[in-house]
Amino acid sequence: MPDALPPSEHRYGRRGFLLLVAGGASSLLWAGPVSSFLSPLTSAGSQLVGNLFPVGGWRIYTISGSMPIFDRKEWKLEVGGLVARPRSFTYDELLELPRAHQVSDFHCVTGWTVHGVRWSGVRFSHLLDQVEPLPEAKAIRFVSLEEPYDDSLTLDQLRLHDVMLALEMDGQPLSRPHGSPARVVIPEMYGYKGVKWLTRIELVAHQPTGYWEALGYDQNAWVGHSNGYSSA
């Protein structure tokens with residue numbers, strides 16, 4: 001874990017999200033694809049609705065105003081970049097990989113938490129064994145079906161014991177609001193690092209800037225130690 005941020009660090013969290021909401025409530029009227037210029041405003045509208053109508057403790061946010069639809073026959077997870085054997089995985093192929101299970105808390109940077117979430121899925125080590133990362137690969141980029149949502153982790157972060165490619169939540173296949181068919185779970189970081197509706201994974205030499213980081217959020221989103229929060 002990194003050291004707590006200095007007092008001068010700007011706090012990004014509930015305050016930042018609410019500022020986006022104040023500027024983008026009108027985005028609730030929009031539907032369909034939107035440009036990367038408009039997506040922060042659409043995200044703000046989604047956050048407003050999610051906060052007003054939580055479901056089971058969850059507040060469901062999107063950045064485009066709509067959620068991708070999972071077609072089991074057509075969907076594939078592409079894994080490429082700095083690997084020796086790039087390939088794609090069907091949903092059924094992912095189900096055949098060694099299965100992992102865990103119970104962990106989910107923390108949103110806006111200040112809410114869902115405790116004791118039961119996740120099932122695949123450890124990334126088993127997935128990467130299939131593609132053989134090259135020595136120069138140092139980070140991994142996750143790309144969502146919900147454009148332009150993406151984010152990344154270093155390979156060291158990816159190797160934390162409780163990071164997984166989740167396929168199920170609370171004993172059921174991931175629902176559409178929770179990122180079906182596959183999402184990233186990293187309990188030690190805030191939820192915006194857990195890309196939902198995954199479609200592509202790229203191994204890269206340098207960690208890229210993700211969607212939320214481009215808006216001012218921390219690259220290393222450790223719970224309690226980033227975005228202006230400090231547990232000290």
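**Close-up views of a predicted protein model**

**Figure 1. Lining of the second largest pocket.** Helix H4 provides three residues to the lining of the second largest pocket, the largest share from any element. The structure shown is a predicted model. Both helix H4 (124-129) and helix H5 (155-158) contribute at least two residues each to this lining. The pocket is lined by Arg 123, Phe 124, Ser 125, Leu 128, Pro 133, Leu 155, Leu 158, Arg 159, Leu 160 and Val 163. Seven of these residues are classed as nonpolar, one as polar and two as charged. The space in the second largest pocket amounts to about 170 Å³.

**Figure 2. The largest cavity.** How many cavities of 30 Å³ or more does the model contain? The count is two. The largest cavity holds about 300 Å³ of space. Its lining is made up of 22 residues, and those nearest the centre of the cavity are Tyr 61, Tyr 149, Gly 191, Tyr 192 and Lys 196. By class, the lining of the largest cavity comprises 13 nonpolar, five polar and four charged residues.

**Figure 3. The second largest cavity.** The volume of the second largest cavity is about 90 Å³. Strand E3 and strand E9 (183-185) are the elements that give two or more residues to its lining. In total, 13 residues line the second largest cavity, with Phe 106, Val 185, Ile 186, Pro 187 and Met 189 lying nearest its centre. The lining of this cavity divides into eight nonpolar, three polar and two charged residues.

Figure 4. Thr 110 lies in the loop that joins strand E3 (100-107) to strand E4 (113-122). Is Thr 110 buried or exposed? Thr 110 counts as buried because its relative accessibility is 4%, and the cut-off for a buried residue is under 20%. The side chain of Thr 110 also forms a polar contact of 3.0 Å with the side chain of Trp 112.

**Figure 5. The whole protein, for context.** The protein has five helices and 10 strands. Of its 232 residues, 48% are buried. Among contacts with a separation of 6 or more, 65% are between residues 24 or more positions apart. The accessible surface of the protein is about 11100 Å², and carbon and sulfur atoms account for 55% of this area.

Definitions and conventions. Residues numbered from 1 in each chain as written. Predicted model: local features only at pLDDT ≥ 70, side-chain atom pairs only at ≥ 80, totals over all residues. Heavy atoms only, no water. Helix = DSSP H or I, 4+ residues; strand = E, 2+ residues; numbered from the N terminus. Buried < 20%, exposed > 50% of the residue type's maximum accessible area, 1.4 Å probe, protein only. Polar contact = N/O pair within 3.5 Å; in protein donor to acceptor, adjacent residues only side chain to side chain. Contact = heavy atoms within 4.5 Å. Areas by Shrake-Rupley, 256 points an atom, 1.4 Å probe, with all protein chains shown as cover. 1 Å grid on protein atoms, 1.4 Å probe; cavity = no way out; pocket = protein on both sides within 12 Å on 5 of 7 lines; lining within 4 Å. Points joined across faces, edges and corners; volume = space filled by probe spheres on them. Nonpolar A, V, L, I, M, F, W, Y, C, P; charged D, E, K, R; others polar.
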